[in-house]
Amino acid sequence: QGWATAPLGQLAELNPRHLKELDDSLPISFARMAALSETKPEFEGDYTIVLFSLLKPLKESPDNLGKKLGDLILKKNTGFFSGYNIIKGFLNLSVKDDALTALLQKNYNDICFGKKSLSHKKVMVEYSSPNTNKPLHLGHLRNIFLGWSVSEILKANGNEVYKSSIVNDRGIHICKSMIAWQQFANGATPVSTNTKGDHLVGDYYVKFNDEYKEEVKELISQGIEKGQAEKEAPIMKKTQQMLLDWENGKPEVMELWKKMNGWVYDGFDITYKRLGADFDKTFYESNTYLLGKDFVQEGLNNGTFYTKDDGSVWIDLSDVGLDEKLLLRGDGTSVYITQDIGLVKQKFEEYNLDKSIYVIGDEQIHHMKVLKEICRKLGMPFADKIIHLSYGMVELTTGKMKSREGTVVDADDLIDEMVDTAKQHTEELGKVKDFTEEELKELYETLGLGAMKFYLLRVDPKKRMVFNPEESIDFHGFTGPFVQYTYARIRSILRKIGEPVSMVNGQWSMIADQKLFPLERELIIFLEKYSNVIAQAAEELNPSVIANYVFHLAKTFNSFYTEHSVANAESEEKKILRVHVAVMTSTVIKSAMQLLGISVPERM
RNA sequence: GGCCCCGUAGCUCAGUGGAUAGAGCAACAGCCUUCUAAGCUGUGGGUCACACGUUCGAAUCGUGUCGGGGUCACCA
């Protein structure tokens, strides 16, 4: 098996050093440097080698080198390429029809009957990580879809993945909801008000802010200076007292805290379940916030940390371009980053991780850099295995989302809206009138969530993105439902003519010698790329690579579908070939969409 | 102010050293007696923010300018 019979993946690059021996000794490994890519549709050929970078080291003209290389490839290959052309420094190679059919067969067996590479790294992906004082919003959705999808992509590349979440369940902001509930709710519960628990608690968090603002205004009108008023507002003083009571474990406070957090978890569970999000491990900040104090002592002992006059503990990171950072307050209490260090260590030790990925917004880039640097200075061996998968904020066309100004897009509301839009579209088209209530409900969820997940995952995670709440998310074009529709169409064909049970060799030899149409060739070559796409997505921790690929695949299939009939193909051989192309397309679509957390319907 | 990210069609985004810069939406014109028209085909739409540089070749790399955002908490 020479390199020239190998598909694109193994032919990825060519190396000028080996190319120097442009003769019979040039086999497999001359493959490192000049990119082999797909030929652009406007030129003849399937794969292209760009010759320019090879010209200088080899001291050849484009035409000479192209001819030499082209001839050599044809001579060396065992039946993969049929010919080549050279245009302005580009060597375009054409693949033989029967080689493509063989390629289809190979990939069909690999993909349809499962073949997985296994790297067996242990990876933890921490995502979602909500506060328990308000419901999930659009920003969380991007985080959740991203974290979940990256986890699945890593699994598909053979890693052992633990999905985790750290719940921010303590602190002054939690007490704010609690105080407001005590003061204004008259004992209202999710059941008594028929409200989802996280929303109920969130409402009191808003109520707190309203009341607080009122009280500050009142104090200022009495002639008290602003800064002072903000400290003196009665509701704020009560809240601070409650935080102290909580830390001292005062029974009534603990009871209220457990009760209200319980409501929130019930609410989150409903949303997570609907989204298909799941976690192998949930950490609670109430359990972890005291972690990390040990390291402070350790760091002090070995001189990494130092103490200031008031007893507070610091680290100086100015040698790596960062600032001084506080690790312990003068009163001995820890800050956020101290807890983080403790949790990092716990994670790596408990799970024996090779990598720990944090899905956190890009406003915390600095924080994560500091965390990593402190771990490094403390000599922790896993410091470099901490990876911050940062993603850009979702902005609205009307500006940023701000909870205080009521411009937050609530996750549950958005899901409902998308599912409802799916319902409207489906009813208008009227294609599934025979579905039961149950089946319809499931379809609407599949389509609505599919549209939403695809919308948020098709963009490079690192980039900020804009969401227009006025226009609902589309169901046409570069969308989840478009891809889902393509899948449903293929399933429809297969229901009609029957799915091939297995592809026995006899069948393959029967179809081996056909002349292929351009769209048939294009699909086979494009399907071939799938395993590379999964690998690339894992390497970049970027689901949008998959979203772009699967859209392009669906698009190509739809063109094929319009141009060529499967069921009424012009010959039995064509029919068999096309059925297999269709099955493989549907399998890849289903697999790719699954990696994005999107399911595909049999009919829509 | 220091550091980091971003600027591509009217809008939302691909493309990060190679051929004439691509999709989707929006606009316009076609295509359902034939496997699902949530589809397909076509048209119009670009100073790739700007300038200089490196290179056979730059949206892509470098420097500078302009514009937008983030961050530099005894907040989490």
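User: How many positive and negative side chains does chain A have?

Analyst: This is a predicted model. In it, chain A carries 74 positive and 86 negative side chains.

User: And how far apart do the centres of the two sets lie?

Analyst: They lie 4 Å apart.

User: OK, the fold. What does the secondary structure of chain A come to?

Analyst: Chain A has 23 helices and 15 strands. Its C-alpha atoms fill a box of roughly 90 × 65 × 40 Å along the principal axes.

User: What share of the residues is buried?

Analyst: Of the 604 residues in chain A, 51% are buried. The accessible surface is about 28800 Å². Carbon and sulfur atoms account for 50% of that surface.

User: What part of the RNA is within 4 Å of the protein, sugar or phosphate versus bases?

Analyst: Among the RNA strand B atoms within 4 Å of the protein, 64% belong to sugar or phosphate. The rest belong to bases.

User: Where does the backbone of Y561 come in?

Analyst: A polar backbone atom of Y561 is 2.4 Å from a base nitrogen of RNA strand B. For A567, a backbone N or O atom lies 2.9 Å from a base oxygen.

User: And the side chain of T562?

Analyst: An N or O atom in the T562 side chain is 3.5 Å from a sugar or linking oxygen of RNA strand B.

Technical notes
Residues numbered from 1 in each chain as written. Chains lettered and ligands numbered in written order. Predicted model: local features only at pLDDT ≥ 70, side-chain atom pairs only at ≥ 80, totals over all residues. Heavy atoms only, no water. Helix = DSSP H or I, 4+ residues; strand = E, 2+ residues; numbered from the N terminus. Buried < 20%, exposed > 50% of the residue type's maximum accessible area, 1.4 Å probe, protein only. Areas by Shrake-Rupley, 256 points an atom, 1.4 Å probe, with all protein chains shown as cover. Lys, Arg positive; Asp, Glu negative; His and termini not counted. Charge placed at Lys NZ, Arg CZ, Asp CG, Glu CD. Near = heavy atom within 4 Å. Polar contact = N/O pair within 3.5 Å; in protein donor to acceptor, adjacent residues only side chain to side chain.
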